[in-house]
Amino acid sequence: VGAAVNVDQSGTTVDHIEIVNSTVGISDGAGFSAPGVANITDVIIRGTNGPFERGVEIANSDGQFRFDNVRLSNLGNDGFVVSAADGDVVITNSSLTDVNGIGIAATGNAAQISVASTTLTRIDGTAIEASGDDSVITVSATTISDTRGVDGDAIVASGDRARIDIGTTATTTMTGQGIVASGTDSVVTATDSTITDTGSPAVLVEGTGATVYLDNTDISDVAGTGIVINAPDAVVQMTNGSTLSDTTLNGIDVLDADAELFVLGRSIIRDIGADGIFTDGATILVQDSNIQTVVGAGIRAVGVSGAADSVVAVQGSSIANALDGGIVTLNSNLRVERLDASNPLSRVTTITNTGLFGIQAVADSIGPPNEYQVLVSNTTIGAVSVGISIEASPDVLNPPPGLVPPGIVPTINFTALNNTITATNGPGISVNAVFDASIGFPGGPLSRVNALIEGNRVQG
């Protein structure tokens, strides 16, 4: 059985009809070419959630289809599917309810779909997906709710170089992810939007070179980790007051050493069930932003040293009320400083009420590299037991003078300039390294800290 209605001529108008229990409600038949336009208005397409019931399929046209006030419900085989290469569909003032599979899908290469003022409710699968290479979907003033099932994802860019732009859209209650960027070089941008009550993670970036931009967008109530970045050259950027809150696990996990994270422009990470940010080898920048009320460390970093420019950078930001340390690093490069290092009036970084340590930097490996750069300047640290702890420990896997030449030991090059530190139960700045006295006085270094400490004000 074919489509109930074939629209394969430019200039066609379909208006005020109801289609029930059809294999495909509306299709483009043999199709028509751009710049042709067809208009479909005030149409109901409903089924019984049968496995062969699809709402709309555009498979052979690069002309434009405009759907306004179209209501799809109880369909077992997707809602809108644009499988035509260069297909062009506009959806406005419409609704999709109780659809299995994908609610709105751009599967054709370079297909484009514009969605505005539309609701997607109880999609059993994925609400919106751009799976065609170079496909583009724009979503505005739209509500996505109760996305469920094995996938249960709201927004997915899975095609290579696929792009989804979301604006003023509310996404709530999903068993899976709010945003997934899994295609190579795929991009998802969310602006002035909300994502709430999600599975874990709320945002997943797993495509090589994939990027997610969050601009004035709030993510909250996550049953797990808020954001996971786990692919080479993948990037997440939070900016313009974006907020990540109420996660049961880490706020953000950066799990590939070649990925990057940017938290900028008064963005906030708060009420986090474990670490605010965890990075395993990847560069992160927290700038003019806040991390507050976390069960773990504000920022925890391991092995951020693989490239010359690998660094955990915190500039003009605040970390407060972190139970397991403000910033905790292992074998990592670290810079903590004011927002603009050259401007003495710019915002300083503050770390307060973060448990035992304000900042703890540890080195225990000769790498590569064997030296780690730690700079803390123009930073205010308070309500902690120890302000800054710098500890270089022996590399137990490569102890000198055995497998490595004498003198090559875990080393931290530490600089502390013009900081204000209030330590309640220990030193303001603690520097520790280890010597082996067994070979006679003065012994040989098993680890080393080279320290430059100037202009700091420390009080207990």
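**Exercises on a predicted chain**

The 16 positive and 49 negative charges of the protein chain have mean positions 8 Å apart; Lys and Arg count as positive, Asp and Glu as negative, with His and the chain ends not counted. The model is predicted, with local features needing pLDDT of at least 70 and side-chain atom pairs pLDDT 80 or more, while totals for chains, interfaces and linings use all residues. Residues are numbered from 1 along each chain as its sequence is written, and side-chain values use heavy atoms, without hydrogens and water.

**Exercise 1.** State how many helices and strands the protein chain has, and what share of its residues is buried.

*Solution.* Begin with the secondary structure: there are 0 helices and 47 strands, taken as DSSP runs (helices H or I, at least four residues; strands E, at least two). Next, 54% of the 460 residues count as buried, that is, under 20% relative accessible area with a 1.4 Å probe, protein chains only.

**Exercise 2.** Determine where Ser145 lies and whether it is buried or exposed.

*Solution.* Ser145 belongs to strand S13, residues 143-157. Its relative accessibility is 16%, so Ser145 counts as buried. Leaving aside residues up to four places away in sequence, Ser145 touches Leu120, Thr121, Arg122, Thr172 and Thr173 (contact: heavy atoms within 4.5 Å).

**Exercise 3.** Describe the surroundings of Thr411.

*Solution.* Thr411 is in strand S41, residues 411-417. Because its relative accessibility is 1%, Thr411 counts as buried. A polar atom of the Thr411 side chain lies 2.9 Å from the backbone oxygen of Val409. Beyond residues up to four places away in sequence, Thr411 touches Asn370, Glu371, Tyr372, Arg448 and Asn450.

Definitions and conventions: Buried means under 20% relative accessible area, exposed over 50%, partly exposed in between (1.4 Å probe, protein chains only). A polar contact is a pair of N or O atoms within 3.5 Å; within protein, one must be able to donate a hydrogen and the other to accept it, and residues adjacent in sequence count only if both atoms are side-chain atoms. The place of a charge is taken as NZ of Lys, CZ of Arg, CG of Asp or CD of Glu.
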